[in-house]
Amino acid sequence: MKVIIIGSGIGGLAAGLALKRHGHEPVIYERVTEIRPVGAALSVWSNGIKCLNYLGLGAQVKALGGQMDAMSYREGASGEIMTAFSLLPLMERVGQRPYPVARAELQEMLSDEFGRDDIHLGKELTQVSETEGGVRAVFSDGSSAEGDFLIGADGARSTVRDYVRATPTERSYSGYVNWNGLVSADESIAPLDAWTTYVAQGKRASVMPVGGGRFYFFFDVPIKAGLPNDRAAYKRDLRAHFEGWAAPVQTLIDAIDAEKTNRVEIHDVDPFDEWSRGRVVILGDAAHNTSPDLGQGACMAMEDAVVLAQCFAAHDGPPDMIGKRFAQLRAPRCADLVLKARARGAVTHGADPAVTDAWYAELRTETGETIINGIASNIEGGPFA
């Protein structure tokens, strides 16, 4: 089949690669004229890495990824270790090491593998319609494309989703703002082989290793939405939000480059089941926009890509059955992870301060087993569990 894919993010590229693997002819259309990934890095857990292995990219992502052997939580003000443990039991249980990676580098790798000649930039989708035996996409520049099937991988504000659901989809503010970026790895901030998170007052300051001797960092602060987004004030604002926190947190704030830092108001979308309409289907954030509190957003998109390609391979009946079967296979799992991420975010970010304080107390007695079990439960429902 000739397949039109709207969106050249992680989900769209992975879907294109998976479809090529099964002998189809995908072409990607992207709204922007220059690809600039949103977010500095991704915590690609083992289920996402297994999808990349399936696409023949295991060695490449290993070369890009950071060596994350351990995990720890530290008290924000004192820097005292609340819990620290190895992630090797997790890797043994699920059979694959995770790799935190710089988002831009992962997207570059996927684009190169897919083939840039089949990625068309500056194509903002304005209309989707089904034709006799096919589907048509119209773009803002007046051009159009026709194919046998269309995949909407166009993100949280998806145009294709509006067509599929025939109604706008509301996003909900998750209650916190996230600053993220990359800095040189520094042992005065955290161990070079561990995911380290400082917590207090419903806030987080966190680093994890990515390739090239760098840390991916993020700061979470529970504040109201709609405040001014002034890049020149990022470091000043972070110093104010994390005043009195431990020296490594202050060192991290000093190290960041505000010009290369992202500030994002975190939202999600209530789960829904309408993922397909005729020859049109949605995946990734278009289908299940989640908060990042489980680190599963990109992993879910890659799982979608693999499962959708398998649905293409398994069905030789009416094309609309592909989308229906895909939604049946994926919507329940993704809904569960979206709601788990929402619940985890409420605990982490102080929606109920008493609940968050109780979590901090639990961390002081945590051996790692409970946290590993939670991460493993997110991983094990994927197509290669």
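Gln201 is exposed, because its relative accessible area of 57% is over the 50% cut-off. In this predicted model, Gln201 is found in the loop between strand E13 (194-200) and strand E14 (203-210). Its phi is near 55 degrees, a positive value in a residue other than glycine.

**Backbone and exposure of single residues**

- Most residues other than glycine have a negative phi.
- Ala166 has a positive phi of about 60 degrees, although this residue is not a glycine.
- The position of Ala166 is in the loop between helix H6 (159-165) and strand E12 (172-184).
- Ala166 counts as exposed because its relative accessibility is 62%, and the cut-off for that class is over 50%.
- Met321, by contrast, lies in helix H11.
- Met321 has a relative accessibility of 36%, so this residue counts as partly exposed.
- Between the C-alpha atoms of Met321 and Lys235 there are 51 Å, and the two residues are 86 residues apart along the chain.

**Overall fold**

- The chain has 13 helices and 18 strands.
- A compact globule of 385 residues would have a radius of gyration near 21 Å; the chain has 21 Å, so the two values agree.
- The C-alpha trace spans about 65 × 45 × 40 Å along its principal axes.
- Of the 385 residues in the chain, 54% are buried.
- Among the contacts with a separation of 6 or more, 73% join residues 24 or more positions apart.

**Nonpolar cores**

- In soluble globular proteins, nonpolar side chains tend to be buried together.
- The largest nonpolar core holds 99 residues, and the members that touch the most others are Leu90, Leu106, Leu110, Leu150, Ile151 and Trp275.
- Helix H10 (residues 297-314) contributes the largest share of this core, with eleven residues.
- Another core, of 24 residues, lies apart from the largest one, and Trp179, Ala190, Phe217 and Val249 are among its members.
- Leu106 touches Ile10, Leu42, Val44, Leu52, Val61, Leu64 and Val101, when residues up to four places away in sequence are not counted.

**Cavities**

- The structure holds two cavities of 30 Å³ or more.
- The largest cavity has a volume of about 50 Å³.
- Its lining consists of Val269, Asp270, Pro271, Phe272, Trp275, Ala287, His288, Ala331, Cys334, Ala335 and Val338.
- Trp275, one of these lining residues, is also among the residues that touch the most other members of the largest nonpolar core.
- Helix H9 (285-288) and H11 each supply at least two residues of the lining of the largest cavity, and H11 provides the largest share, four residues.
- By class, nine residues of this lining are nonpolar, one is polar and one is charged.
- Asn47, Lys50, Cys51, Ile379, Gly382, Pro383, Phe384 and Ala385 line the second largest cavity.
- Helix H2 (residues 46-54) gives the largest share of the lining of the second largest cavity, namely three residues.
- The lining of the second largest cavity has five nonpolar, two polar and one charged residues.

**The second largest pocket**

- About 480 Å³ of space lies in the second largest pocket.
- This pocket is lined by 19 residues, of which Tyr73, Leu294, Arg344, Ile371 and Ile375 are the closest to its centre.
- At least two lining residues come from each of strand E4 (70-75), helix H11 (320-348), helix H12 (353-363) and helix H13 (369-379).
- H13 gives the most to the lining of this pocket, with five residues.
- The lining of the second largest pocket comprises nine nonpolar, four polar and six charged residues.

Definitions and conventions. Residues are numbered from 1 along each chain as its sequence is written. This is a predicted model: local features need pLDDT of at least 70, side-chain atom pairs count only at pLDDT 80 or more; totals for chains, interfaces and linings use all residues. Side-chain values use heavy atoms; hydrogens and water are left out. A nonpolar core is a set of buried Ala, Val, Leu, Ile, Met, Phe, Trp, Tyr and Cys residues joined through side-chain atoms within 4.5 Å. Buried means under 20% relative accessible area, exposed over 50%, partly exposed in between (1.4 Å probe, protein chains only). Contact means heavy atoms within 4.5 Å. On a 1 Å grid over the protein atoms alone, a cavity is a set of points where a 1.4 Å probe fits but cannot get out, and a pocket is an open set with protein on both sides within 12 Å along at least five of seven lines; lining residues have an atom within 4 Å of a point. Grid points are joined across faces, edges and corners, and a volume is the space filled by probe spheres set on the points. Ala, Val, Leu, Ile, Met, Phe, Trp, Tyr, Cys and Pro count as nonpolar, Asp, Glu, Lys and Arg as charged, and the others, Gly among them, as polar. The radius of gyration is taken over C-alpha atoms; the globule rule is 2.2 Å times the number of residues to the power 0.38.
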